[in-house]
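Welcome! Please take a moment to look over the sequence and the 3D view before you start the exercises.

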Amino acid sequence: MAINTYEVQPLFAEPMFRASIEEAISPKQVEFLKNLKMVQNKSNLISENLYIFDLPELKSIKKAVHEALAVYASEVMGISQKLYVTQSWALISPQNIGMHGHSHSNSIVSGSLYYCDMPTPVAGMVFDKHRTYRQIELDPEQDKNNIYNTPMNVVVPKKNDVLLFSSSLQHFVQVNTATEPRYSIAFNSFVKGTVGSHKDVSALKL
Ligand SMILES: [Fe+2]
């Protein structure tokens, strides 16, 4: 018997949130960010200051990022607790440099912000569906990719985009093939409020 009609029901999905915070970023702040003291990371450059959103010069950007986190918490996660930024840092990928694969420990939602013009072509953020070692690698044929089986997905950032995603999600940045450097900001967040249940003795006040 040939199965001609069938349905596939999506059970769960992985969110990647994107919003523009153009109005919160001034040309003066762009210059300020581009001139932050940078040090060598594994291959790219990272700001010496790893709490840049605490700088008074970046107050409006921090506020806009918190607004995006508030939307993510209430509309994507559907939770009543608040997300707040913990560490925040600037990154630069010079020509021919990308960023190794990683995920963000001790954070719930992580994000990146592209505060200035992106070089052409834009190096994308590549998200990996697999969070653990893969004993069996059953990847789909190239023309059979779909939302259920794709092992990776590329997100191409635009100027003023803030991207939010689960901190446990593996990701890397493609090599910057443009001559211009690729500037970005990254940040982590944690939750504030009460989680768990008083009655079930699982309550935790954060
Ligand atoms: Fe990251």
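This is a predicted model: local features need pLDDT of at least 70, side-chain atom pairs count only at pLDDT 80 or more; totals for chains, interfaces and linings use all residues.

Residues are numbered from 1 along each chain as its sequence is written.

**Exercise 1. Find the order of the strands in the open sheet, and name its edge strands.**

Solution. Start with the terms: strands (E, at least two residues) and helices (H or I, at least four) are DSSP runs, numbered from the N terminus. Two strands pair if DSSP finds at least two bridges between them.

Step 1: seven strands make up the open sheet, in the order β1-β9-β6-β11-β4-β3-β2, with antiparallel pairing. Step 2: β1 and β2 (38-40) are the edge strands, as each pairs on one side only. Step 3: from one strand to the next, the twist averages 30 degrees. Step 4: look at one pair, β1 and β9, which run antiparallel and are joined by five bridges. Here M16 stands opposite F165 in β9.

**Exercise 2. Check the span of α2, then work out which of its residues are buried and what they pack against.**

Solution. The expected span of a helix is 1.5 Å times one less than its number of residues.

Step 1: α2 has 19 residues, so the span should be 27 Å, and the end C-alpha atoms, 26 Å apart, agree with this. Step 2: a residue is buried if 20 or more other C-beta atoms lie within 10 Å of its own, exposed if 12 or fewer, and partly exposed in between, with C-beta atoms placed from the backbone. By this rule I61, A64, V65, A68, L69, Y72 and A73 of α2 are buried. An α-helix has 3.6 residues a turn, so residues three or four places apart point the same way. Step 3: the buried residues of α2 pack against β1 (16-20), α1 (27-34), β4, β6, β9 and β11. Step 4: just after α2, G78 has a positive phi of about 70 degrees.

**Exercise 3. Describe the largest nonpolar core and say which element gives it the largest share.**

Solution. A nonpolar core is a set of buried Ala, Val, Leu, Ile, Met, Phe, Trp, Tyr and Cys residues joined through C-beta atoms within 7 Å.

Step 1: the largest such core has 37 residues, and V65, L69 and L164 have the most contacts inside it. Step 2: elements that each supply at least two of its residues include α2 (59-77), β4 (82-93) and β9 (161-166). Step 3: α2 gives the largest share, seven residues. Step 4: zoom in on L164, using the rule that two residues are in contact if their C-beta atoms, placed from the backbone, lie within 7 Å. Beyond its neighbours within four places in sequence, L164 contacts F17, A68, L69, Y72, V109 and G111.

**Exercise 4. Look at the backbone of P121, N160 and V201: where does each lie?**

Solution. Most residues other than glycine have a negative phi, and most peptide bonds are trans.

Step 1: T120 and P121 are joined by a cis peptide bond, with omega about -5 degrees. P121 is in the loop between β6 and β7. Step 2: N160 has a positive phi near 75 degrees, and its place is the loop between β8 (152-155) and β9. With 19 other C-beta atoms within 10 Å, N160 is partly exposed. Step 3: V201 has a positive phi of about 45 degrees, in the loop between β12 (194-195) and β13 (204-205). V201 is exposed, because 7 other C-beta atoms lie within 10 Å.

Technical notes. Axes are lines fitted to C-alpha atoms, for helices over the stretch in contact, and angles run from 0 to 180 degrees between N-to-C directions.
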